[in-house]
Each structure stands twice: as structure tokens, then as C-alpha cells.
Amino acid sequence: MSNRFQPRDRFAAGAQYIGGRFRVGTSGRRQSVVDPATGDEVFTYELAGTRDVDEAVAAARAAFPGWAATTPAERSALLQHLSAVLAERAEEFAQAESLQCGKPIKLSREFDVPGTVDNAAFFAGAARHLEGRAAAEYSADHTSYVRREPIGVVGSIAPWNYPLQMAAWKILPAVAAGNTIVLKPAELTPFTSLLLAEAAKEAGFPDGVVNIVNGAGKDAGERLVAHPDVVMTSFTGSTAVGRRVSEIATTTITRLHLELGGKAPFVVFDDADLDAAVHGAVAGSLINTGQDCTAATRAYVQRPLYEAFVREAAALMETVRLGDPFAPATDLGPLVSHAQRDRVSGFVDRARSHATVVTGGTVPGGVLKDGAYYAPTLIADAAQDSEIVQAEIFGPVLVVLPFDTDDEGLRLANDTPYGLAASAWTRDTYRAHRATREIRAGCVWVNDHIPIISEMPHGGYKASGYGKDMSAYSFEEYTQVKHVMFDNTAVARKDWHRTVFGDR
Ligand code: NAD
């Protein structure tokens, strides 16, 4: 099956979306977008420069007062309409996402796009539940209440692994709360953020509420974070770049929301359903070709199940079908780029001297030879402090390690700088509850790994960042709290004035 999405036609007017129209970037630098399944260039565009960022921020700033003044019901109606537009155009979004990322079309159709349709519907509902917590007389002479207000212009920066969902997770809560936004997607994956902004216009969002600048991290990204009119930066990406973003934000006192890297543990206790755990680990490590910040990356398996787990997980990995992302039967596409493929194979090659590559560890040839493919890879016998266990690989690689006692399994699970997600596999409720309490991560699944849902928060502990995406928690982060206090006495000379005027 071939792809029908034609970026050259769709974005002939340019790959920037500012003030409600597409235009060409002004950095003077071009970026090519390559289909990672074939290595063919499918699109080139002029990257946004600092002038484009400044104009996008100006458009967002101009749109802010009008947008902030809309009622929750008005914003909710537009978000509902956006959800419907996305559902109508689902196939175009799925094709664009699969083309730029190389992800299997069944993943785009069944996960990325419906998830985004549902997110828009969720934030349509959330928009009508923006509440301050209290109105009361906390002092006998005053009535206090709390207003939750939008913040202003939000600058967001997104990665390439789930470009549509990342754009949605940034844009939807921000605009639902009455903010306007400038989003900078990753350079390799500009398409679906542009389509989302265009769909927002089709749904009736005023120009300037949603703006997209497709530019390089170093110039457009840093300018967006440092811009004096951007009051909040919401960043999703690697921990290294997150650190740089937070340095800049510290100097400008910009509110920060950081969704960073992960290295999720997958802890299998000896009473677990082995078949469920094996399928969960293989699916949870290979989804999106392992380019998932919550992917299962470190399976800790209690000694009695360890050997069977390694054997069965390797056998299952070997059944996974790599291929053309547009073929409906393909399970696993290429990595996002040849550079990312080489990075992943570098990690595996460096591990060979001290660990066992049980299956995979190869670059497929034959019809796949021109794509950025990498075979599903299972590694055993690695030391806990080795790079392959500690570093985020972001590819189809699962490392399996044994443990003896429950204490040891949980200690090893917590033993990386990251804390985004984790799972525990057991039929014993006491073990399960203990694991969910003791694992330091923003999400702990029990007997599953990967599912997300619009109502529940997604975000990290430790070096995986802070701030939540999706859910009412995310919505609140895009607001600020104001205390309003009314005098109830109508007395000109208040009692407390004595602290200034003495007995006069
Ligand atoms: P990355 O950090 O290289 O880039 C992310 C974004 O930051 C891109 O848009 C990039 O252009 C921009 N950027 C790069 N340098 C910048 C700078 N100096 N200033 C401002 N912006 C800059 O990450 P990536 O390789 O695109 O994505 C993979 C990473 O994203 C992984 O670490 C993954 O774990 C993480 N991720 C985290 C979550 C989460 O929810 N925690 C979700 C998805 C991906």
C-alpha cells in the first residue's frame, strides 16, 4: 500500500504557521524531511529563524486578550469541533504521521490519531471545569476567593517520536485554559503539528491562538524559551536539552514544564503470569520501534522465571514483522532517521564486550536495506551499572536482568537517574501495592505497560522532569492562581493601621 499524503503539495506555501496562515521560514537554512523507510527525501523547507519566532510570539500575544476573554463554554465548543475535524481527517493525519516518523500505519491509525481526537474531546470538557478552590471569610473582616487565570503566551517545544500527540498534549490544555501558544516541533517531523494548527482554524479558533514555528533547536528553540513575551515554556524532549532549556528559563523567570527522558523498569515477580509478562515486555519495548519515553527498557525478572522469560521473549521478538510502514501487516517500522538507527546500534555494539545479545543486534538487509531499520534486540548478562542498563537508548532494545529478593528487584528498578514510568508483574496484591508505592516514577502499571488515557496525568519524577501532560493536572499547570480579597467592614480606619500609625 502506498502513502497518499503529499507534503510538497500540502505545504507548498511554507512550513511555518503564524497568525493563521502558512508561510516560508526566514532563517536562510533548509531542512529536508526524509522517509526513514526508504531514505528518500519527501520534503524540504526553510527553517524558522528568530524573526519568525518573534512574529509568531507577536501573533500569539495579539490574540491573547480576545482569547482569554472567551467563556469556558465558547472554548469548549471550539475544542469539541476540533475533535470532530480531527476525526473526519483521521486518515490524512495517520498517513502524514507514518510518513515522517516511519511508524506502522496501524499504530498511527489505532493509537496516535484516535488518542488525539480523544484528547481534544477531554479538554473540551475540562475547559468548563476551571475553578478556584474557595470563597470564604478566612479573616472575619474579609471575603477571599481564588481566580484561576490563563498565563499568557506559552512557548512549547516537542520531540519527533509522537509528533501529533506531543503537539496535542501541549496545545490543547494551553488553549482550553485561555492561553495562546507558539509550538516548535522537532525539525524532522513538521507535518502533523501544521495539520493540527490548520484543523484548529477549520474548527473556528481565531488566528494567532495556535502558531507553529518549524525551526532548529539551537536558534528557534532557544529564542522561543528566552523570548520576553513567553511566560511559560512547556518542553518535551531529552534530559540534556531539558537542562539547557531550564538554564535559559532561569534567567528569564519563565514558568517551566519539563517532560524528559525515561528508562522504564519492568519488574516481573516469581508469581507473575509468564506469558502475559513476556508479551507485555516485547510489546512494551518495541512499540513505536522503542522510541517511546515510557517504553519497557529494563526487565528485572525474579530468578525462578528468568531463563524461561529470556527464552520466550527472544522467540517472540523474532516473530515481529519489520517492513513498509504503510503495509497493514507491518508490526515494526524503521527508526525515525538513519542517525537514530546508528545511535541505537552504537549502544548495542558497545555492550557486546560485557553482555550477551540474545537476539537482534543487526541492521536488516534485503528490501529493508535503505531504510533506518534495526532488528528487535534482547540483551542479557549486562551489569546494572553498564551504559546499556543506565542510558536511554530510544530504540527496539530490551535488557533483561535477574533478581532474587523483592527488595533487590525494587532497588534495581529505582537505580537510574530517570523516573518516568514503570510496571510491576505479579498476582499478589501485597507485592503489587508495595511496588506501586516504592517505585519512584510518574506512572506505575500493574500487569500492563504502555496504555495511557486522557483523564490521567503523564509526567516524570527525578531526571524525567516535572509537570504533567494530559488530565486535569496538566490543565491546571496552564493557569495561574490569583487571590482576590474584599474588605467587608466599610471602615476607613482599619484596626491593623495601628501597626503603621500607632495610636493616632
Ligand atoms: P531532543 O531533546 O533532542 O529535542 C526535543 C526538541 O527540543 C526538538 O524540538 C529540538 O529541536 C529541540 N531542541 C534541541 N536543542 C534545543 C535547544 N538548545 N533549545 C531549545 N530547544 C532545543 O529530543 P528528541 O531526540 O527530539 O526526542 C527524544 C527525547 O524526547 C527522548 O529523550 C525521550 O525520552 C523524550 N520524550 C519524553 C517524553 C515525556 O513525556 N517525558 C515524551 C516523548 C519524548
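Me: What does Ala 186 touch, leaving out residues up to four places away in sequence?
Reply: In this predicted model, Ala 186 touches Ala 158, Pro 159, Trp 160 and Asn 214.

Me: And where does Ala 186 lie?
Reply: Ala 186 is in the loop between strand 8 (180–184) and helix 7 (191–203).

Me: Buried or exposed?
Reply: Ala 186 counts as buried, because its relative accessibility is 5% and the cut-off for buried is under 20%.

Me: Switching to Gln 31. Where is that found?
Reply: Gln 31 is found in strand 3 (residues 30–34). Gln 31 is buried too, with a relative accessible area of 17%.

Me: Which residues is Gln 31 in contact with, neighbours within four places aside?
Reply: Phe 43, Thr 44, Tyr 45, Leu 47, Glu 187 and Leu 188. For one of them, Leu 47, the C-alpha atom is separated from that of Gln 31 by 6.3 Å, and the two residues are 16 apart along the chain.

Me: OK, salt bridges. What does the count come to?
Reply: The count is 37 salt bridges. One of them joins the side chains of Arg 89 and Glu 198, at 2.8 Å from N to O. That pair links distant parts of the chain, 109 residues apart: Arg 89 is in the loop between helix 3 and helix 4, and Glu 198 is in helix 7.

Me: Are Arg 89 and Glu 198 buried or exposed?
Reply: Both Arg 89 and Glu 198 are buried. For Arg 89 the relative accessibility is 14%.

Me: Which residues do salt bridges with shared partners join into one network?
Reply: Arg 10, Arg 89, Glu 92, Glu 198 and Glu 202.

Me: Now the domains. What are the bounds?
Reply: The domain assignment gives domain 1 as 16–260 + 464–483 and domain 2 as 264–446. Their C-alpha centres lie 30 Å apart.

Me: How many residues are in contact between the two?
Reply: 25 residues of domain 1 are in contact with 30 of domain 2. The buried area between the domains is about 2,100 Å², and carbon and sulfur atoms give 60% of that.

Me: How many salt bridges across the interface?
Reply: One. There are also nine residue pairs in polar contact between the domains.

Me: Which element gives the largest share of the domain 1 side?
Reply: Helix 4, with five residues. The domain 1 side that touches domain 2 divides into 11 nonpolar, 10 polar and four charged residues.

How values were computed
Residues are numbered from 1 along each chain as its sequence is written. This is a predicted model: local features need pLDDT of at least 70, side-chain atom pairs count only at pLDDT 80 or more; totals for chains, interfaces and linings use all residues. Side-chain values use heavy atoms; hydrogens and water are left out. Domain bounds come from an automatic or database domain assignment. Contact means heavy atoms within 4.5 Å. Buried area is the accessible area (1.4 Å probe) that two parts lose on being put together, summed over both. A salt bridge is a side-chain nitrogen of Lys or Arg within 4 Å of a carboxyl oxygen of Asp or Glu. A polar contact is a pair of N or O atoms within 3.5 Å; within protein, one must be able to donate a hydrogen and the other to accept it, and residues adjacent in sequence count only if both atoms are side-chain atoms. Helices (H or I, at least four residues) and strands (E, at least two) are DSSP runs, numbered from the N terminus. Ala, Val, Leu, Ile, Met, Phe, Trp, Tyr, Cys and Pro count as nonpolar, Asp, Glu, Lys and Arg as charged, and the others, Gly among them, as polar. Buried means under 20% relative accessible area, exposed over 50%, partly exposed in between (1.4 Å probe, protein chains only).
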